[in-house]
Amino acid sequence: MQEAAGISSLGFSFLIVLAVFVIIMIAKGIVVVKQAQVMIIERFGKYLEVLNPGINWIIPIMDKPHLMEWRENREYVDGAGRTRSIPQTSMRDVIDMRETVYDLPRQSVITKDNVGIEINALLYFQITDPLKAAYQVESLPTAIEKLTQTTLRNIIGEMDLDQTLTSREIIKSKLQVILDEATNKWGVKVNRVELQDIIPPAAIREAMEKQMKAERDRRAMVTEAEGTKTAQILKAEAIRESEIKKAEGAKQAAILQAEGISEAKIKVATAEAESVKIVAGTVAQSSNPASYMISLKYIEALGKMTEGKDNKVIYMPYEASNVLGAVAAIKDLTGGVPAQNAGK
């Protein structure tokens, strides 16, 4: 009886242990893969399958995930106060299928003209084939890093310092093409390459700063000279325009003045003509109005010749007969005056 009870208790304990073992095995056999990740399963060290995102089932002990070296960036602040990141390697049982960025360490390279510079790059890549990434290369992060560094050295070695500093786009394009072609057999797609810093030696930087300062001074002098030149040109053009306007104004004034004089003369001549007509209408038919007008003008001229307090001598024209003729013409026009009245 006691033996039967002992056997039954032993069997019950075995069942409990078996149940716990089954539960543990089931728990270990359930694998949850997150979105954008995959897991490579190996059975007794041999590739079995790739687990996709979601709930998956494996056989514990027999099936194990393939561990893959992965590199994560750890941020830090450098001496210049800038935030940087350094890669940190770890072993992971899942493969991230998203685009990954590697902040590669700064390295020294030599240009074509034997100038040593420091340069570091950012590499954006994405795993497209997890099997190739797991089995075609021993350490994918290390392989990508070393390939990038050696390729960058080769590209910079074909360029001099000035080309290196001014040809970032060319360097990035060449580097991306070479890396993408080389990493294709590893199941990796290189999407983009960026150059963070290109740092020449301190002596070169100092010389470049002096050169830039001299160039800025030269540009300032050229700009100032061009401004002075433009100001002088504008001033000369303004003076020329002013002189042109003055000349045009003087021309218009002279034209208007000439037109005024012409119109005045025309009006005077018209008035004289009208006066001649009036005189001609009032004197006798035998009289000559033209002679009358000429005589009046002649006498007026004689009066002007004798004006002034210092004029003591009366000038008589050489041709006195003309004066007598003018007086005779006046006499004819007035019809004659008796001698006694003339004496009065």
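**Close-up views of a predicted model**

**View 1. Lys 172 sits in helix α5 (residues 168-182).** Helices (H or I, at least four residues) and strands (E, at least two) are DSSP runs, numbered from the N terminus. The model is predicted: local features need pLDDT of at least 70, side-chain atom pairs count only at pLDDT 80 or more, and totals for chains, interfaces and linings use all residues. Residues are numbered from 1 along each chain as its sequence is written, and side-chain values use heavy atoms, with hydrogens and water left out. Is Lys 172 buried or exposed? Lys 172 is buried, because its relative accessible area is 12% (buried is under 20%, exposed over 50%, partly exposed in between; 1.4 Å probe, protein chains only). Its side chain makes a polar contact with the side chain of Glu 169 at 3.1 Å (a pair of N or O atoms within 3.5 Å; within protein, one must be able to donate a hydrogen and the other to accept it, and residues adjacent in sequence count only if both atoms are side-chain atoms). Leaving aside neighbours within four places in sequence, Lys 172 is in contact (heavy atoms within 4.5 Å) with Val 193, Glu 194 and Leu 195.

**View 2. Helix α3 covers residues 140-157.** Its 18 residues should span 26 Å at 1.5 Å a residue, and the end C-alpha atoms are 26 Å apart, so the two agree. The expected span is 1.5 Å times one less than the number of residues. Buried residues in α3 include Leu 140, Ile 144, Leu 147, Thr 151 and Ile 155.

**View 3. A nonpolar patch lies on the surface.** Among its residues are Phe 14, Leu 18, Ile 26, Ile 30 and Trp 57; the patch has about 1100 Å² of accessible area together. Elements giving two or more residues are α1 (2-29), β1 (30-33) and β4 (54-57). Helix α1 gives the most, with six residues. Patch residues have over 30% relative accessible area and no salt bridge; like charges are joined within 9 Å, nonpolar side chains (Val, Leu, Ile, Met, Phe, Trp, Tyr) within 5 Å. A salt bridge is a side-chain nitrogen of Lys or Arg within 4 Å of a carboxyl oxygen of Asp or Glu. Areas come from the Shrake-Rupley method with a 1.4 Å probe; for residues, only the protein chains shown count as cover.

**View 4. Ile 30 is in strand β1.** Ile 30 counts as partly exposed, because its relative accessibility is 43%. Beyond four places in sequence, Ile 30 is in contact with Ile 55, Asn 56 and Trp 57. The C-alpha atoms of Ile 30 and Ile 58 are separated by 6.5 Å.
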